[in-house]
Each structure stands twice: as C-alpha cells, then as structure tokens.
Amino acid sequence: MTDVKMSQGILDEKFMRRCIQLAKNGLGTTAPNPMVGAVIVHNNLIIGEGYTSPFGGAHAEVNAIASVKRKEVLPQSTLYVSLEPCSHFGKTPPCADMITEHNIQRVVVGLLDPHEKVAGKGIQKLKDAGCNVLIGILEKECREHHKRFLTFHNNKRPYIILKWAETADGFIAPEKKLRNTEPEPYWITGKLSRQIVHKWRSEEQAILVGTTTVLEDNPKLDVRLWSGKSPIRVVIDKNLKVPPTYQVLDKKQKTIVFTSVKDTSQFVNGIDYIVLDQLQPSAEAICSQLYLLNIQSILIEGGTRTLQSFIDKNLWNEARIFKGPSLFKVGIKAPSINGTKVTSKKIEQDDLIILQHD
C-alpha cells in the first residue's frame with residue numbers, strides 16, 4: 001500500500017511538472033490572468049493538456065478538456081492544474097463548473113489562488129460536487145512560476161524586475177562629452193545581451209524609465225530584436241521635459257506618463273497621464289497606481305536615480321545586471337543593491353548576474 005501511495009505521489013509530481021512547463025507558453029500574453037497549465041491523465045497516460053490563452057481567451061482547464069478526444073473517459077481521469085480553478089464569471093465561465101460538468105472525479109492542484117474572487121472557493125465548489133481534490137503538489141515550484149500573479153494579489157503591486165548594464169568599473173553611463181550630440185543609447189553590452197533584454201520586454205506587461213533616460217537615449221522601449229508583444233511604456237516625467245517628438249510619445253504602443261504637471265494643455269493626445277500630487281512621484285505612489293491599472297509585472301530600465309528609488313524602498317523582486325568589459329573611469333555610477341545571487345552566466349563578452357530580493 002505504501003509503495004502504491006509513493007508511486008502515485010511520484011506520478012502526481014511528474015504531471016504537475018508538465019503543467020508548469022505548459023504554463024510557460026503563456027508568458028507575456030495572459031496578464032492580468034495568471035499563466036496556468038493543465039494536464040488530464042487517464043491510466044497514467046496524458047490524454048489532454050492546455051495552457052491559458054491570451055487574455056480574454058479560454059483558461060488552461062478549458063483548453064485541456066477541449067483537447068481530449070474520448071471525453072467519455074473523463075470521469076475516470078485526473079485533472080492536474082498549477083493553480084486553483086476559478087469559481088467566478090469573468091471573461092469566461094468558471095472553470096470549476098466545467099470540471100464538474102464533465103464529472104472529473106480527481107483534481108490535483110499545485111497552489112491556491114489568492115484572488116479574492118477565488119481564494120478557496122474553486123476548491124470548495126469541486127469538493128461540494130464530490131471531487132477528490134489534492135492540494136499542494138510541487139507547491140514551491142508552482143509558487144515560483146506564479147510569482148507575478150502572487151506578488152500582485154498579495155502585495156498589491158506589480159512584480160518588479162530591475163535591469164541595467166554597467167561597465168567593469170561600475171558605471172551605468174559615461175560622461176556627457178562622450179555621447180553623440182543627438183540623443184541615443186550608449187551601448188555597454190553586446191548584441192546578444194541586447195536581444196535577451198528584448199525577450200524580457202516581451203514577457204512583462206510594462207516597462208518603466210525616468211526623464212533623464214528618455215532625454216539622453218531617446219529609447220523606443222519596444223520589442224524589435226525578439227518576437228512578441230511590446231510592453232506598456234511607463235515614463236516618470238515630473239515636469240514634462242520630454243518633447244512630443246521623442247519616440248516614447250509616438251503612440252505606437254500604449255504609454256503612461258507620471259507627472260506633477262496639472263496643466264492638461266501640455267499633455268500629448270493619445271498618451272495617458274497620471275498626475276501625482278507630490279513634489280516628486282515616489283516609487284510607492286507609482287506602484288499603487290500600477291496596481292490600480294491591473295499591471296502585474298514591470299521591467300524597470302531607468303537610470304541610476306530611478307532604479308535606486310525603487311531599491312531604497314525595497315520595491316523590487318529581481319535585479320538583472322549586465323556587466324560589460326569596457327571601462328569609463330568617470331561617469332554615472334551604477335545603483336547600489338544587495339540581494340541573493342541566483343544566476344551568473346557569460347553572454348559573449350558580457351556577464352549577466354541575476355539577484356533576488358531577500
């Protein structure tokens with residue numbers, strides 16, 4: 001009996017691991033919905049699987065059930081899902097209802113959903129219908145996978161990823177005299193590192209920079225070197241110094257500007273402005289507004305002042321730092337940060353270090 005239980009436990013972990021693997025296909029497309037994976041197993045064989053469609057589309061459980069060819073075996077099957085099935089009507093009907101309608105008798109869930117509209121209600125609905133529900137299989141791995149969704153609902157702010165490139169001697173930007181007359185990026189890293197950054201942009205809902213970065217670099221903040229959706233651009237521009245001719249205001253993708261200026265005649269049509277009644281828009285106030293806008297994750301690519309403002313308030317989850325081989329000797333120093341190193345790898349001539357907030 002013990003061997004049977006142990007064997008079942010190993011199988012449950014195996015199929016939950018497949019759920020997480022499937023769920024990653026939704027990275028960058030499902031928000032504000034979580035990117036969930038689901039697997040349906042009959043006689044220890046996968047007969048159906050699915051992951052969350054882009055926002056507004058079907059959830060993972062629905063896609064998994066739809067993929068099953070012989071639906072008559074569903075009552076004798078097990079449904080594995082990385083996050084608790086929803087129990088409320090949103091863009092789509094409740095997944096818990098569909099599971100019970102197909103009389104699936106065993107459901108294995110990786111993690112409870114913290115969303116106030118779910119939060120155990122999906123599990124209870126399944127149990128009330130007579131389902132045998134097992135919770136917490138590979139919970140740590142599911143928690144890591146759903147970190148954006150969990151941070152948003154538990155901390156009431158987006159999951160925050162800081163990113164910058166610095167020289168071997170710790171500078172994030174050179175002296176002004178080393179730059180060209182026209183504003184453009186001054187590259188510290190190689191092409192492959194820059195392509196990786198574009199991949200990251202495609203995976204997050206939004207990207208944020210400060211005024212100085214825009215004025216010095218005139219960035220597009222889009223996804224050009226990778227395939228995927230460009231993020232929402234978020235610009236901190238307290239005094240509206242950025243000219244309307246700059247690329248972040250070209251209206252080619254949704255753009256939000258945080259400012260202290262109340263004169264709407266200075267606003268650019270087609271750009272969303274959020275006026276904060278403060279001398280300086282703070283990291284806390286920006287996070288609160290992003291939460292209200294349902295933005296679950298953001299990549300901060302600002303300069304040292306912007307990055308440090310989030311670091312100093314402990315408003316970050318990951319820091320992704322490239323170190324290039326060049327030396328500036330003088331210039332703008334890179335941010336000061338402490339965290340746990342989780343990754344260190346070589347990207348051609350660059351070093352990539354990823355820190356996690358303690």
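Reader: Threonine 259, then. Buried or exposed?
Author: Buried, because its relative accessibility is 0% and the cut-off for buried is under 20%. Keep in mind that this is a predicted model.

Reader: Where is the place of threonine 259?
Author: In strand β10, which covers residues 255–259.

Reader: And what does threonine 259 touch?
Author: Leaving out residues up to four places away in sequence, the list is Asp237, Lys238, Asn239, Leu240, Phe267, Tyr273, Ile274, Val275 and Leu276.

Reader: New topic, helix α6. How many of its residues are buried?
Author: 7 of its 9 residues, so α6 is mostly covered.

Reader: Which ones are the buried residues of α6?
Author: Lys147, Arg148, Phe149, Leu150, Thr151, Phe152 and His153. Charged types such as Lys147 and Arg148 are in that list too.

Reader: What do they pack against?
Author: The helices are α5 (139–145), α7 (191–203) and α9 (283–292). The strands are β6 (159–166), β12 (297–300) and β13 (318–323).

Reader: What follows α6?
Author: Lysine 156, with a positive phi near 55°.

Reader: OK, the largest nonpolar core. Which residues touch the most other members?
Author: Met16, Ile40, Leu79, Tyr80, Ile104, Val107 and Leu126, out of 36 residues in that core.

Reader: Which elements give two or more residues to this core?
Author: The helices are α1 (2–23), α2 (60–67), α3 (95–101), α4 (121–128) and α6 (147–155). The strands are β1 (37–42), β3 (78–81) and β4 (106–109). α1 gives the most, with 6 residues.

Reader: Which residues is valine 107 in contact with?
Author: Apart from neighbours within four places in sequence, valine 107 is in contact with Leu79, Ile99, Leu126, Cys131, Asn132, Val133 and Leu134.

Reader: What about a second core?
Author: There is a separate one of 33 residues, including Ile256, Ala285, Leu307 and Ile311.

Reader: Now the whole chain. How many helices and strands?
Author: 10 helices and 16 strands. The chain has 358 residues, and 51% of them are buried. Its C-alpha trace spans about 75 × 45 × 35 Å along the principal axes.

Reader: Last one, charges. How many positive and negative side chains?
Author: 47 positive and 38 negative, and the centres of the two sets lie 2 Å apart.

Terms used
Residues are numbered from 1 along each chain as its sequence is written. This is a predicted model: local features need pLDDT of at least 70, side-chain atom pairs count only at pLDDT 80 or more; totals for chains, interfaces and linings use all residues. Side-chain values use heavy atoms; hydrogens and water are left out. A nonpolar core is a set of buried Ala, Val, Leu, Ile, Met, Phe, Trp, Tyr and Cys residues joined through side-chain atoms within 4.5 Å. Buried means under 20% relative accessible area, exposed over 50%, partly exposed in between (1.4 Å probe, protein chains only). Helices (H or I, at least four residues) and strands (E, at least two) are DSSP runs, numbered from the N terminus. Contact means heavy atoms within 4.5 Å. The place of a charge is taken as NZ of Lys, CZ of Arg, CG of Asp or CD of Glu.
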